[in-house]
Amino acid sequence: MQNGYLTQANLRTPRAAAVAGMLFSVLLIIAFWLFRISVPADPQEPGAWLRTSSRTVALALNLVPFSGIAFLWFIGVLRDRLGRAEDKFFATVFFGSGLLFLAMLFTAAALVGAIMIAFALQPQELVGSATFHFARAAAYSMVNVYMIKTASVFMFTTSTVAIYTGIAPRWLAILGYVLSLLLLFGSYYFSWSFVVFPAWVFLMSACILMDSVREPPSSAVGRTSGPNDADNGA
């Protein structure tokens, strides 16, 4: 009975990670796209979008929590997929950068939501005020500077773990290295660089899903059992 339970868990874990990663990618790309077409990229803009695009921005804000929950699920089941093969050093950076990414994503969304609530209460006083410009600049800096750099660290560590454990193709891990360097050093020069991270997560999730579908039950159990199982059995 226990062996059957372990087999079912090992089969479901990679598929759950893949589905969660895809859901995160799709929702975050849609949310970012809605922000992009509604809010000017210039952090010093006067706030005219509050009058013309508030509903679109509100829709984007409502998508952010669901994408964050999917990403947290993706991290959890991916760590479970790694099992005993997970390295402590890279696991700490992998898990920590993922949580920091989520924290900054939620904080930036909360700042934008606070701007919209304040505008609904006092529209004339908010637009052009120091409070509006502070909150707008804080949200911009958090997303375009700190959050995107943290995403690059997550990509780098995940690619390293993928190479050592084989949970994803090597070409995808190498692509993760290249894209993480692009985000780390070149995100300032590319206005659509924020799409890189969710797109890469989508590719990794798709590869994990296809691998889990093709993988026979026996090999699925073996891959998640870890390198020390042979010693324990001996």
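Of the 234 residues in the protein chain, 43% are buried (buried means under 20% relative accessible area, exposed over 50%, and partly exposed in between, with a 1.4 Å probe and protein chains only). The model is a predicted one, in which local features need pLDDT of at least 70 and side-chain atom pairs count only at pLDDT 80 or more, while totals for chains, interfaces and linings use all residues. Residues are numbered from 1 along each chain as its sequence is written, and side-chain values rest on heavy atoms, with hydrogens and water left out.

The protein chain contains 10 helices and 0 strands, where helices (H or I, at least four residues) and strands (E, at least two) are DSSP runs numbered from the N terminus. Read from the N terminus, the order of elements is α-α-α-α-α-α-α-α-α-α.

The axes of helix 4 (residues 88-121) and helix 6 come within 8 Å and cross at roughly 160°. That crossing makes helix 4 roughly antiparallel to helix 6. Here, axes are lines fitted to C-alpha atoms, for helices over the stretch in contact, and angles run from 0 to 180 degrees between N-to-C directions. Angles under 35 degrees count as roughly parallel, over 145 as roughly antiparallel, 65 to 115 as roughly perpendicular and the rest as oblique. The crossing of helix 4 and helix 6 is left-handed, a term for a near helix turned anticlockwise from the far one by less than a right angle, with clockwise giving right-handed.

Helix 7 (residues 170-186) also meets helix 6 (residues 130-165), their axes coming within 8 Å and crossing at roughly 160°. Helix 6 is thus roughly antiparallel to helix 7, and the crossing of this pair is left-handed. Ala-162, in helix 6, is buried, with a relative accessible area of 1%. Its C-alpha atom is separated by 9.9 Å from that of Gly-176, 14 residues apart along the chain. Phe-185 belongs to helix 7 and is exposed, with a relative accessible area of 62%.

Side chains of opposite charge can pair when their charged atoms come close. Searching the whole structure gives 1 salt bridge, defined as a side-chain nitrogen of Lys or Arg within 4 Å of a carboxyl oxygen of Asp or Glu. The partners are Arg-136 and Glu-45, whose side chains meet at 2.7 Å, N to O. Arg-136 lies in helix 6 and Glu-45 in the loop between helix 1 (2-38) and helix 2 (49-52), so the pair ties together parts that are 91 residues apart in sequence. Arg-136 and Glu-45 are both buried.

On the surface, Leu-182, Tyr-188, Tyr-189 and Phe-190 form a nonpolar patch with about 530 Å² of accessible area together. Patches are made of residues with over 30% relative accessible area and no salt bridge, joining like charges within 9 Å and nonpolar side chains (Val, Leu, Ile, Met, Phe, Trp, Tyr) within 5 Å; areas come from the Shrake-Rupley method with a 1.4 Å probe, and for residues only the protein chains shown count as cover. Leu-182 sits in helix 7 and is partly exposed, with a relative accessible area of 30%. Trp-192, in the loop between helix 7 and helix 8 (196-214), is partly exposed at 41%. The C-alpha atoms of Trp-192 and Trp-33 are separated by 9.3 Å, although these residues are 159 residues apart along the chain.
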